[in-house]
Amino acid sequence: MGMIEVKHLSKYYPPPRRGTFGFTDMIKDFRRPREILPALVDINFDVEEGEIFGLLGPNGAGKTTFCKIMNALVIPTSGHIYIDGYESIRDHEKITRRMVTIFGGEREMWGLFAWRVSIERNLRYIAELWKVPSHLINKRIEYALRILDLEGKRNEWYQKLSAGMKQKVHLALAFIVQPKIIVLDEPTIRLDVPSKRRVHEAIKKELCGDLGSTVLLTTHDMSEAEKLCDRVAILNTKIEFIDKPENIKELSKEYEIMELRLKEINPEIKKELDPFVLRIEEIQENEVCKVKIFFEDKEKNLPEILGVLRNFTVEDIRIRTPSLEDAFIYIINRGEKDVH
Amino acid sequence: MFTELRSEIRVIYSFIKMGGYTFFSQRWGVISQFLSIAVNVGVIGIFAKLVTLNADIAQYGTPRFLEFFVIAMFITNLVFIGTGSVSGILRGANFANLYTTPCKLITIFIGANSWRIIWRFLTSFFFIFLAVAVFNARIYFNSGFVVVFISGFILMLALDLFAAGFTIVTKASTDPINWFLGLTSQLVSGTYFPIENLPSWLRPIAHLHPQTYVNKFARLTMGGNATLTEVWPELRAFILTTVIMLGIGYAMFIYGFKRARISGTLGHR
């Protein structure tokens with residue numbers, strides 16, 4: 001039995017009403033047929049005890065809805081999530097003793113912390129909210145402060161900390177409560193490189209290694225998923241792919257990536273390349289125009305692509321092996337290309 | 001069960017401590033609150049001495065305007081603790097976080113309001129103390145007052161439960177029930193003058209407003225020293241209304257809470 005089991009989970013939301021600009025609009029809006037919006041469609045997967053499982057997906061893929069269903073904040077349309085054998089909606093109270101969710105968005109966690117109170121007092125309050133036994137509270141606060149390099153900040157007001165520091169304080173919740181399951185939503189989104197490295201180490205070594213917690217990580221950061229996760233699922237309303245990070249990268253060996261730097265992006269270039277490529281992505285960085293070309297069958301298509309490029313001013317060309325991020329984009333957009 | 005109750009009380013105590021830390025971190029805020037109460041009492045006392053009402057206020061057990069006015073201010077302050085105690089928490093962004101803790105829903109609502117309740121009690125009794133000490137107001141605290149306060153508070157809480165359910169179902173950015181209560185509480189409920197002095201077309205609203213009855217019973221018990229037995233014949237209808245409203249408010253809250261979890265709007269601002 002997995003620590004987290006997801007069985008045929010679907011969630012359809014009633015659509016939000018459109019913005020109305022006057023009485024006629026409002027009447028029209030009320031009379032509009034109420035179609036439904038799929039947020040999650042037939043999701044199935046298991047997370048084993050002690051595993052770090054990554055949930056990757058673009059914005060609007062359903063990651064937040066999934067976390068909210070785990071915390072009984074949203075009732076699914078059908079299906080269930082079982083957490084340590086308990087059903088997420090029915091047994092919410094039992095689950096709260098076994099699971100902690102740390103939202104990475106700065107604003108999401110603000111309410112839990114008092115702004116004009118020291119970090120140490122805030123952490124004590126958190127420990128008491130999560131009903132940590134009194135005799136363990138001091139020990140765990142010290143442990144969390146040490147692991148997250150926050151010892152020097154213990155007497156500072158929460159409001160005086162930088163966004164990155166605040167995020168570390170939010171993470172301390174996991175080390176203080178020490179639950180069986182930890183849900184981390186973008187845990188390092190605002191951290192600098194050394195802090196990020198320290199947090200990754202703490203998740204891998206302390207949370208999963210020493211404390212034996214199971215971690216469900218939602219992230220956009222592919223390198224983070226690659227570094228931390230034992231398995232990842234790519235979610236885009238439905239599960240697109242689920243495997244070890246290295247196997248997802250393996251999938252992307254089916255194609256190549258060419259990166260071009262151009263003086264300006266000519267619409268013609270896309271049109272002429274289209275028969276030989278899987279997908280073209282335009283990236284505008286400062287004043288530099290970049291184009292990322294995904295293509296397969298290198299021997300056949302590469303000469304054709306180079307032939308097309310001869311007619312345009314290209315400043316730089318680079319062919320590289322796809323990263324996990326490229327694999328993620330490829331998988332997410334696979335459906336779109338199939339339509340072509 | 002006792003262990004569970006003890007752990008919930010411990011959580012409420014944590015909420016109180018945090019409320020206190022936050023509150024006393026703003027030193028000028030604390031001082032200015034006490035100063036404003038002192039100024040309020042001064043103004044009310046002078047106002048009460050200057051004003052003569054052409055109305056029978058003795059029927060409320062308060063022959064002097066000072067007690068008539070001070071008691072209404074005091075009881076309004078206390079029973080209005082219930083207003084916003086559920087709907088305000090539910091609309092706040094913090095609710096989603098608190099719901100993920102192992103605390104019971106009732107502990108979350110009591111805890112999140114605990115500091116506000118304690119502070120409101122402290123300031124209200126400080127207000128009454130000043131009125132008695134400076135202007136020699138004659139105030140009584142008997143069992144009748146306790147029952148009036150509790151039933152008034154529960155009625156406001158019931159209306160707030162209804163408002164909470166209503167706002168999370170309709171996703172309304174304003175809360176029409178508490179807005180109406182707040183707007184009309186001092187105007188039509190007889191805080192400044194008896195409702196008999198209102199124009200005839202406003203009197204039905206006064207009779208519908210719960211604050212009217214809270215003011216009346218509070219004046220009779222606190223000002224006229226009427227016992228519970230003396231006010232009971234009239235008070236029981238008010239208590240019955242409170243019990244019915246509590247049932248309706250609770251049902252609306254449960255319905256709204258479930259609807260919000262289906263539409264995914266719980267904890268949305």
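Tutor: The contact (two residues qualify if their C-beta atoms, placed from the backbone, lie within 7 Å) draws 25 residues from chain A and 24 residues from chain B. On the side of chain B that touches chain A, at least two residues each come from helix H1 (2-24), helix H5 (94-99) and helix H11 (228-263) of chain B; helices (H or I, at least four residues) and strands (E, at least two) are DSSP runs numbered from the N terminus. H1(B) gives the most to this side, namely 7 residues. By class, the side of chain B that touches chain A comprises 10 nonpolar, 12 polar and 2 charged residues, where Ala, Val, Leu, Ile, Met, Phe, Trp, Tyr, Cys and Pro count as nonpolar, Asp, Glu, Lys and Arg as charged, and the others, Gly among them, as polar.

The model is predicted, and local features need pLDDT of at least 70, side-chain atom pairs count only at pLDDT 80 or more, and totals for chains, interfaces and linings use all residues. Residues are numbered from 1 along each chain as its sequence is written, while chains are lettered from A and ligands numbered from 1 in the order in which they are written.

Within chain B, two helix pairs deserve attention. The axes of H2(B) (residues 27-50) and H6(B) (residues 105-135) lie 10 Å apart, and these helices pack at an angle of about 45°; axes are lines fitted to C-alpha atoms, for helices over the stretch in contact, and angles run from 0 to 180 degrees between N-to-C directions. H2(B) is therefore oblique to H6(B) (angles under 35 degrees count as roughly parallel, over 145 as roughly antiparallel, 65 to 115 as roughly perpendicular and the rest as oblique). H2(B) and H6(B) cross in a right-handed sense; a crossing is left-handed if the near helix is turned anticlockwise from the far one by less than a right angle, and right-handed if clockwise. H2(B) brings B:Gln33, B:Ile37, B:Ala38, B:Asn40, B:Val41 and B:Gly45 to the contact, and H6(B) brings B:Thr123, B:Phe126, B:Phe127, B:Leu130, B:Ala131, B:Val134 and B:Phe135. These residues of the contact of H2(B) with H6(B) are 9 nonpolar, 4 polar and no charged.

For H7(B) (residues 143-170) and H8(B) (residues 176-188), the axes come within 8 Å and cross at roughly 140°, so H7(B) is oblique to H8(B). Here B:Leu159, B:Asp160, B:Phe162, B:Ala163 and B:Phe166 of H7(B) meet B:Ile177, B:Asn178 and B:Leu181 of H8(B). The contact of H7(B) with H8(B) has 6 nonpolar, 1 polar and 1 charged residues.

Chain A is assigned domain 1 (4-244) and domain 2 (256-321), with bounds from an automatic or database domain assignment. Taken over C-alpha atoms, the centres of domain 1 and domain 2 of chain A are separated by 38 Å.

One sheet of chain A is open, with 4 strands in the order E2-E1-E4-E5 and antiparallel pairing; two strands pair if DSSP finds at least two bridges between them. Strand E2 (37-47) and strand E5 (86-87) of chain A each have a single partner strand, so one side of each edge strand is left without a neighbour in the sheet. Strand E1 (residues 4-13) of chain A runs antiparallel to E2(A), and 7 bridges join the two; A:Ile4 has A:Val47 in E2(A) as its bridge partner.

A second open sheet of chain A has 6 strands in the order E6-E7-E8-E3-E9-E10, with mixed pairing. Its edge strands, E6 (99-103) and E10 of chain A, each pair on one side only. From one strand to the next, the twist averages 15°. Strands E3 (residues 52-56) and E8 (residues 214-219) of chain A run parallel and share 5 bridges, with A:Leu56 opposite A:Thr219 in E8(A). E9 (residues 231-236) and E10 (residues 238-243) of chain A run antiparallel, also joined by 5 bridges, and A:Ala233 has A:Ile242 in E10(A) as its bridge partner. The hairpin of E9(A) and E10(A) has 1 residue between the strands, and A:Thr237 takes a positive phi near 70° there.

Helices lie across this sheet. H2(A) (residues 63-70) lies across E3, E6, E7 (181-185), E8 and E9 of chain A, at about 150° to E7(A). H7(A) lies across E6 and E7 of chain A, at about 170° to E6(A). H7(A) (residues 163-177) also approaches H6(A) (residues 134-147): their axes come within 8 Å and cross at roughly 135°. H6(A) and H7(A) are therefore oblique to each other, and H6(A) passes H7(A) in a right-handed crossing. The residues in contact are A:Arg140, A:Ile141, A:Tyr143, A:Ala144 and A:Ile147 of H6(A) with A:Ala172, A:Phe175 and A:Ile176 of H7(A). The contact of H6(A) with H7(A) has 7 nonpolar, no polar and 1 charged residues.
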